[in-house]
Amino acid sequence: MNSSSYGYHSSDSLFSNSTGTRTSIDSNENFLSVNCGPTLINSCISFGNGTLEESRLEMLQQIANRVQRDILGCEDKLILARNALQSDAKRLESGLQFQNEAEIAGYILECENLLRQQVIDAQILIDGKYYQADQLVQRVAKLRDDLMALRTECSSIFSKGRTLTTEQTKLMISGITQSLNSGFAPNLNPDLNSGMTQSLTPLTSSSLTSGLSSGLTSRLTPAITPAYTPGFPPRIIQTYVTGVDTNALQTLKLMQIRKPLMKSAFVDQNLTEEEVNMKFVQDLLNWVDEMQVQLDRTEWGSDLPSVESHLENHKNVHRAIEDFESSLKEAKISEIQMTAPLKLNYAEKLHKLESQYAKLLNTSRNQERHLDTLHNFVSRATGELIWLNEKEEEEVAYDWSERNSNISRKKEYHADLMRELDQKEEVIKSVQEIAEQLLLENHPARLTIEAYRAAMQTQWSWILQLCHCVEQHLRENAAYFEFFNDAKEAMDYLKNLKDAIQRKYSCDRSSSLHKLEDLVQESMEEKEQLLQYKSTVAGLVGKAKAIIQLKPRNPDSPLKTSIPIKAICDYRQIEITIYKDDECVLASNSHRAKWKVISPSGNEAMVPSVCFTVPPPNKEAIDTANRIEQHFQNVLALWHESHINMKSVVSWHYLTNEIETVRAGNVASIKTMLPGEHQQVLSNLQSRFDEFLEDSQDSKIFSGSDIAHLEREVNVCKQYYQELLKSAEREEQEESIYNLYISEVRNIRLRLENCEDRLIRQIRTPLERDDLHESVFRISEQEKLKKELDRLKDDLGMITDKCEEFFSQAAGSPSVPTLRSELNVIIQNMNQVYSMSSIYIEKLKTVNLVLKNTQGAEALVKLYETKLCEEEAVTADKNNIENLMGTLKQWRSEVDEKREVFHALEDELQKAKAISDQMFKTHKERDLDFDWHKEKADQLSERWQNVHSQIENRLRDLEGISKSLKYYKDTYHTLDTWIQKVEDTQRKIQENQPENSKALAKQLNQQKMLVSEIEMKQNKIDECQKYSEQYSASVKDYELQTMTYRAMVDSQQKSPVKRRRMQSSSDFIIQEFMDLRTRYTALVTLVTQYIKFAGDSLKRLEEEEVGENPIDERDLQKDRSYSKSERRWKFK
């Protein structure tokens, strides 16, 4: 079944292919006859009377053949009945009458009769220990289940149009069950009945596993649960559907445990000890074979009680099998007593017994393990199914009618349920994974496991679908109760508003004008609120059309006629199929949880009400909305009437006030009015009267006589005011001239104030530093302002002349002092502003000159600072130093010549200071630019002075450097020449070795004289070192001074240039002197060593010459080698 579809499935699929079912059964019979038959037959042949046994077997075979024929006949009749039933079901969906009801009833009755006979025959076969009895009993039990399923389906389909209540349906199915059960127990004798308990009952279990091939699905899933048992636990569901109580099923084929006979039971006077042993071991073999057969045919159970029963029973069986080991040991002991020729046969039987027992013990252990795993799975799955069923009962039984308005609690519960479902999902998933694992391991109870797995999946999907229904009901019910709450609030609001309008806005002529004005304003605000509230009313009217009906959900409000309903989920059962969004008909709401519903195809059934919603229109909601709308219109009409009355009284008050104002007027008051106000007074009087006429048309406060009286009073006021105007006309001419002049004066004052504000704003706004362009722009702007002041001064002169003429002509007019005072004030302001503008322009021009001079001086300073910062290292060259000194002297003369630039800058600053002082003294305006320019000029002067000082210092330092270089060079060249000469002489001496002692002695004397000369040159070396150090120190001081000045200039110009480091000549001179000293030291060492060597050689030569012995050639060679090595060391 698709997880998104919820409903009922008929059991047609179980019988859709009767041929296939029969074939599988026949194949099972063949399998059992091949594998189990020989064992049973052999046991009968070995220990029974041959002729009687053959007759008994023949009789049992005939009964078995008859049972098989009857089974096949029943199966065929059931197929015919089911085909006819399906035909009638299709006719019912098409709206046609049944045709096959009587025929189907005949088929079912025939099958019941045959089934009763088959039960009796099956019991005979069991008692006769027929080798295929168990298989035949299973087929009979399956046939019984099929018959019960068909009866249930018939009951569901043929009850259409004459719907039975749930209790009636239960009774009907219970009757079928009793009818079928009557063929199993009541018609049998007690012995057969007990045999049925042991043999037939477990086969009934088989009907629950193989007969209902999808097994548990049809008992525990929503395919049955929603239709028959909303809220019944799984055990009751199972009993209700199958017609067999669960307690009865707990006695399912509990294995018959026949204890093996003791050896003493076979002792007989007519039998020898060996024959007793043979019978004993044969009985043990039969017992093991029987137990093996029973283990192979064992059932696993289809629900928790049956599984528990099988598990407990198997534990007993397993204990019996383990206890059998004692009998096996006894049989082994008996082997000693056996003699030929039976001993060999006995040994074979004993060996076979041991192997069969080992197999039986292993089978029992495996079965116990399988039962344990099955019990674990079924117990967990049953618990989850019970939990899901409880949640289903709760959702199906919930009251969604208008009586239950506590939606918030239901929302909280639903949220909790969804959280529980989230948690349960993992639990159910784990149980499903257990099922998958068991199926992967090929568990023998595959059908039961698959059935439980399908049941959990289907029930879980059904719960989710119910949750979807609940969510929709929550939304719709929340909208329902929200609408009626809003409607109640709206009705209360409109009633209170109507009372407030009647109480608050009632008025008459004695009402206060201010109060009435406030009330009129408030009434307009309330009108706005009313108009805004109109949208609320319209919203309620609109919502009313979408409100669902909840009263049909209340059984206390029975339907007078059927109403349309809409499905919000799929729902299927045998007698009806409904899909989501189907429009059905509600025939009866007598039960809150289940409704009698007619599907679009015309089928009728009891369906859970939670699956449906009663769509709009809701007549009660629409009527309520219409009443609110009508009440709103009444309140609006009452407001309009009250508003007209208040406005008419307000207009009356305004008119009477206007009449009193006109009557209180005189010439003096008229003269104070501006031109046009006289006519405005008459116009206001007329407009007030017109407004009163307009506002009092629908008023209930003023009558026609009241209006006529007011009209006469208005005409009298108009005549009185005309006379006042004529009296005031004479004085208007003089005042008009005054007004003209005073307006011109004030206009000039405004223009002057504007110019003054602009001027002061410019004065108080500092100039941009070093921005010559802005300075020129500011001068241009101020010159424009100056021209504007000139024009304004001319206009002031003209109006002054006019005013003086007016003063002479109308000296007695009260307006003359005012005009004269204002004229004098503006003349004084004009003089002050004009003076300030002139001083500021002069200040701007002076600052412009200062800025130009400052920029020129700064460029000049930067020029010489840049020159002084150029990177020219002092070289150890006298000509270069003299050139550098010449350049510095030229710069010094240029600097002296251009000193006038700074004198000019100082003069301009003095002028700027004088103007700044004048501005502050005259107009109290402080110059914000002078201090900066003064500071800038001082900085430039200081930098210029630094340039001059730097040139002087460098010239002085270069003179000292030049002298030190001269002294050093003179000393250095003398020493260098002398050392070079000595080195050349020494090289020649070492190359030409003396041949005799005289020559060597002469050479030795020359070397000693050279040593004296070398020692005398030490003072010159020291003197040369002193000059080199003086030069190096002077150069380093010069370079340090240059670097310091360069760093200062870089910080001032704020644009440092990255310069490369140059090699200092001081290092070169020091290195040159060190090389000279090194040569001198080497020369001293060489000469000293040579003198020592020559002395030794001379002494040896003299001794040899005295002894007249020739000099050994090897000694001479050694001396020459030594001399060469010394020479090589020196010239390295």
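The model is predicted, so local features need pLDDT of at least 70 and side-chain atom pairs count only at pLDDT 80 or more, while totals for chains, interfaces and linings use all residues. Residues are numbered from 1 along each chain as its sequence is written, and side-chain values use heavy atoms, leaving out hydrogens and water. Helices (H or I, at least four residues) and strands (E, at least two) are DSSP runs, numbered from the N terminus.

**Helix H28**
- Buried residues (under 20% relative accessible area, with exposed over 50% and partly exposed in between; 1.4 Å probe, protein chains only) in H28 include Ser 997, Leu 1000 and Ile 1014.

**Strands E5 and E6**
- Strand E5 (residues 594–598) runs antiparallel to E6, and five bridges join them; strands pair if DSSP finds at least two bridges between them.
- Ile 598 has Glu 604 in E6 as its bridge partner.
- The two strands form a hairpin with five residues between them, and Gly 602 in the turn has a positive phi of about 95°.
- Strand E6 (residues 604–608) has five of its five residues buried.
- On one side of E6 these are Glu 604, Met 606 and Pro 608, and on the other Ala 605 and Val 607.

**Helices H16 and H18**
- H16 (residues 446–504) passes H18 (residues 619–663) with axes that come within 10 Å and cross at roughly 20°.
- That angle makes H16 roughly parallel to H18 (angles under 35 degrees count as roughly parallel, over 145 as roughly antiparallel, 65 to 115 as roughly perpendicular and the rest as oblique).

Definitions and conventions: Axes are lines fitted to C-alpha atoms, for helices over the stretch in contact, and angles run from 0 to 180 degrees between N-to-C directions.
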